[in-house]
Amino acid sequence: MTQHRSIHWFRKGLRLHDNPAFIKACEQASEIYPIFILDPWFAKSANCRVGINRWRFLLQALRDLDNSLKTLNLRLFVVRGNPNTELENLCQRWKISRLTFEVDTEPYAVKRDEEVERQMGEMGIEVIKSLSHTLFEPQRVIKVNGGSAPLTYQRFQTIASKLGPPPKPLDAPTLESLLGCKTLISDNHEKEFGVPTLTELGKDPKSCGPLLYPGGEKEALERMERQLKKTNWICSFEKPQTSPNSLTPSTTVLSPYLKFGCLSSRLFYHQLADMYKGKKHSQPPVSLHGQLLWREFFYTVASVTPNFDKMEGNPVCRQIPWQSNPDHLEKWANGQTGFPFIDAIMRQLRQEGWIHHLARHAVACFLTRGDLWISWEEGMTVFEELLLDADWSLNAANWMWLSASAFFHQYFRVYSPIAFGKKTDPNGDYIRKYVPEVKKFPSKYIFEPWTAPLSMQQTAGCVLGKDYPKPLVDHSVASKANISKMAAAYNAAKKDKLNNASQNGMTAQNGKKRKQNKKDGLVQKKLKFT
DNA sequence: ATCGACGTTGTTTCC
DNA sequence: GGGAAACAACGTCGA
């Protein structure tokens, strides 16, 4: 029997349960070296898009992983440096014969991993990859859909139902199942390979927000178990019925754990399925199963769409002439727009690293097609920095959705930064918590304090334009103007299609004939030609 | 081919 | 206060 020496490379998938690649690393192995590669230079660089709360979450997840590994006589190595260089060095140093990791379908990761595989091939090292981050293999979904990604949720659901239930999650390894496979560490392990502190990464721990969602697999499983105790709540869960502005989260907040892979989506899926069994329960898209399918849908599209996180060169994204406005963008990002509901959400995001999905809708619509007419790419970048659950595919997809650039097209449905929040928090308690400047206004004015008479502003200790900003725009004026701009952008896209049609392989005569036809008919014909 | 139903989560007004 | 219609009207899918 071969006695392998394995490296398991953790990236996402920061867990021991349902981790097939990790299990394979331990099979027929005498030694295993679990590693996580971190580039300290990246953490300190100016273009690093990871905020401090997100760093804290990651470091906690790594510490938790190391603790769990210790109970199995194993240890985690946090390797400082660039993946290609460090992997080569460590493989030589530890005389490695096998490298395992979880498949990551994000384009940058695919490219990185191809290079690593090539490198390992040259060194004669076996590479084993397992897919365990998503319920299904994106490529399989695409194949069943006829070679392209489904572009509507319904279509995705149809395909998913053809695939049957996702694979059952694997148990975490135990001392018994490891058969003596162990990690050998040196005396200066902590110094060379210990989990770094925030300070080591050049971050000031004092600038962290309150610790509401600690990182790690242990926290993930405990949080999931707490949610699963609420049978009725789980079975009747409907996302649109939950509140974006409750003082404690109205949803599970499992997203950060799913993003880092502290929790397996398959485990959560099957736990829900077991609970649903024999009971009346809500259905996708609004159910909890539905939420996992949304994740799956966006992962699938993102895995095959070029430039998925950009407008230009992105085939699923509508081209819209957004305008740059650094001042408005900065005020939006820092909760200084003068709309207390919007500002409360953006401040909660910055402080706590998590906001409700519908709160994301409100601020995303406001930044883009609703009020400020700023590109969704700008908003996506801010979310990427601040959200604990910032997930490349989901972040880009949802920003396209909210800006009516892809997937969602009813651009005339605009969230009101005043009215929307009143439905679930008429008293404005959420605003009072996160925007204390306006907390003394009566409920009638707290969503639009600029309408309060000056005497009331003075009584409330909050004079608009002095103690709290006046609103950046007049929402009813801006949203109406923006709806027309959206209509123009949609029309321009239609015209573009027509022009392409007459350029692509049509004779002048045909072109003339077709020009006389009705616009719609022409579009239909063009689609057949190309 | 054309038309109608539908789309996870809108707002305002009117009764 | 709860429900329905008006608002102005998108793309996608399937019969």
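A: Of the atoms of DNA strand C that lie within 4 Å of the protein, 72% belong to sugar or phosphate, and the rest belong to bases. The model is predicted, with local features requiring pLDDT of at least 70 and side-chain atom pairs counting only at pLDDT 80 or more, while totals for chains, interfaces and linings use all residues. Residues are numbered from 1 along each chain as its sequence is written, chains are lettered from A and ligands numbered from 1 in the order in which they are written, and side-chain values use heavy atoms, leaving out hydrogens and water.

Around DNA strand C stand T152, R318, H409, Q410, Y411, F412, Y490 and K494, where a residue is near a strand if one of its heavy atoms lies within 4 Å of it. Sorted by class, this surface has three nonpolar, three polar and two charged residues; here Ala, Val, Leu, Ile, Met, Phe, Trp, Tyr, Cys and Pro count as nonpolar, Asp, Glu, Lys and Arg as charged, and the others, Gly among them, as polar.

Turning to the cysteines, the count of disulfides (pairs of cysteine sulfur atoms within 2.5 Å) comes to zero. The sulfur of C48 is too far for a bond because the closest cysteine sulfur, in C208, is 14 Å away. C262 is likewise in no disulfide, as the nearest cysteine sulfur, that of C208, is 16 Å away. C48 is buried, with a relative accessible area of 13%, and C262 also counts as buried, at 0% relative accessibility; buried means under 20% relative accessible area, exposed over 50%, and partly exposed in between, using a 1.4 Å probe and protein chains only.
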